[in-house]
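Colleague: Could you walk me through some of the labels used for this model? I'd like to know what stands behind them.

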Amino acid sequence: MPGFELIGKEERDAVSEIFDRGGIMFRYGFDGPRQNIFKVTEFEAAFTKYLGCSHGHAVNTGTAAVRTALAALGVGPGDEVITQCFTFVATVEAIMEAGATPVLAEIDASLNMDPQDLEKLITPRTKAVIPVHMLGAAADMDRITQVAERHQIPVIEDSCQAPGTIYKGKKTGTIGKMGCFSFDFVKTMTCGEGGMVVTNDESLYRRAAEFADHGHVHDPKVPRGADPHLISGFNYRMTEIQAAVGLAQLAKLDGILTAQRRNKKDIVDGIKGLPDISFRALPDSAGDGGDTLVMTFPNKELAFKVGQSLIKDGVVTKILPDAMGWHFAGEWAHMLARTSSYAGRDLAACWPKSREILLSSVAVMIKIKMSDEDKAKIIAGIKKALS
Ligand SMILES: Cc1ncc(COP(=O)(O)O)c(C=O)c1O
C-alpha cells in the first residue's frame, strides 16, 4: 500500500530544491524570492495530467478534499449526501462539516457502494452522491452514474484510497463531477499529509480553489490580498514542501501500482482453488490498484479464525476485520447520533448486509516491496489457517 516504503533521495532532493532556491514554503505570492519555484502548481498540473483530467486543486488532506468538493457543489445545511457505510470516517466527517446530513448506503460484494441501495435512498433533498473506491478498487461506476444521472445528482468520487486505479479505461476520480484524493502517510503515494480535488468543470475548480483559501479568487492581475472575495471559505492550503514530496512520489506511482499488482497476483495464484475462499468482486479487475487482497469466507466465524491466525503469524491484515471501528458506520455512534438521519437509531441493526460481508472478509495488505519469501509466508499462513 504505502508510498512511504519508497521515500528516498528523490523526495529529499525535491524538498532541498525549495530551500536551495529561496525557501518559500507558501504556494501563493512571493514572486521575487521564490525564483520561479511553484511546487504546488506543478504538482496539480502533473497529477491532473497523470489522471487525464483538466483541473486539480491541491489541499492539505484528503478530508479537506472531500469537504472542498462539497463546498464547490454548494452542499450545505438541509441537504442530504449519500455515501457508503464502509469508508473511512473522513468521508462522513466532511459531509457533516458541510452542515449536510449523511445517508449511508449498503455495500455489495465489490465492498463498494451498492447501486440498488443507492437508488432507494435518494430523496428530493439528495444533493450529492459519494461512492468510495475502497482498498484500491473501483466502485461500479457505470451503475452508480446511471442512478445519479437519472435523478440529476452530481457524483463526487472519494478516490483517496485509489490513486491510479482504472475503471474501464478511466482513472478513478475523473469519472464523476469531482474526484478526491489523499496523500496521507499510509496512502499509495504520500506527501506526509495532503490531498487533491479534481474535476473537468472549470467553474467547480474555481469554487474549490476559492473555498480552500479563505475565498481568495486568485486573480493573477492583482497582488494577493488585493483580490476580491465572492464566497467564504477556509484554509486547506497545501504547502510547497508537501507538493515537492508529492511530485517525487507521483513519478513512482506507476512503478508502485505495477509492483502491487504483481505481488497480489502471485499471492492469489498461490491460494486460488483452496476450499472456502472467494475473492472480492471487482468491476474492473485489471484496473485494481492491487494494494489489498480481500478474501471472503462462507461465514464470519471462519473469517475471524483466518484473520486471527494470520495476525498471529505476523501477516499484516488491513482494515478487515481488525479496523472496522474506523471504517464501518455501524461503529460510529459518536458521530451519527448528531445526525437527523441516524439519531436514536440502533446502528447495530443498520446495514445488516454490509456488516455480514465485512465480518466474513479478511483483507491482507499488499506491499510494494515484497520478496518471494514474504509472499510464500502469506500463502502458507492462509493455507495453515484454513487447514
Ligand atoms: C476513503 C477515504 N476518504 C478520505 C480519507 C481522508 O484522507 P486524509 O487522511 O488525507 O484526510 C481517507 C484516509 O484514510 C480515506 O481512506
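Modeller: Lys305, Val306, Ser309 and Leu310 of H9 meet Gly381, Ile382, Lys384, Ala385 and Leu386 of H13. Meeting here means that C-beta atoms, placed from the backbone, lie within 7 Å. This is a predicted model, where local features need pLDDT of at least 70, side-chain atom pairs count only at pLDDT 80 or more, and totals for chains, interfaces and linings use all residues. Residues are numbered from 1 along each chain as its sequence is written.

Colleague: What makes up the contact of H9 with H13 by class?

Modeller: Five nonpolar, two polar and two charged residues. Ala, Val, Leu, Ile, Met, Phe, Trp, Tyr, Cys and Pro count as nonpolar, Asp, Glu, Lys and Arg as charged, and the others, Gly among them, as polar.

Colleague: Why are H9 and H13 called oblique to each other?

Modeller: Helix H9 (residues 300–312) and helix H13 (residues 372–386) pack at about 135 degrees, with axes 9 Å apart. Angles under 35 degrees count as roughly parallel, over 145 as roughly antiparallel, 65 to 115 as roughly perpendicular and the rest as oblique. The pair is therefore oblique.

Colleague: How do you know that S1 and S9 pair?

Modeller: Pairing requires at least two bridges found by DSSP. S1 and strand S9 (residues 195–199) have five, in the antiparallel sense. Gly56, for instance, has Val198 in S9 as its bridge partner.

Colleague: And what makes S1 and S5 edge strands?

Modeller: The open sheet has the order S1-S9-S8-S5, with mixed pairing. Strand S1 (55–59) and strand S5 (156–158) each pair on one side only.

Key
Helix = DSSP H or I, 4+ residues; strand = E, 2+ residues; numbered from the N terminus. Axes fitted to C-alpha atoms, helices over the stretch in contact; angles between N-to-C directions. Contact = placed C-beta atoms within 7 Å.
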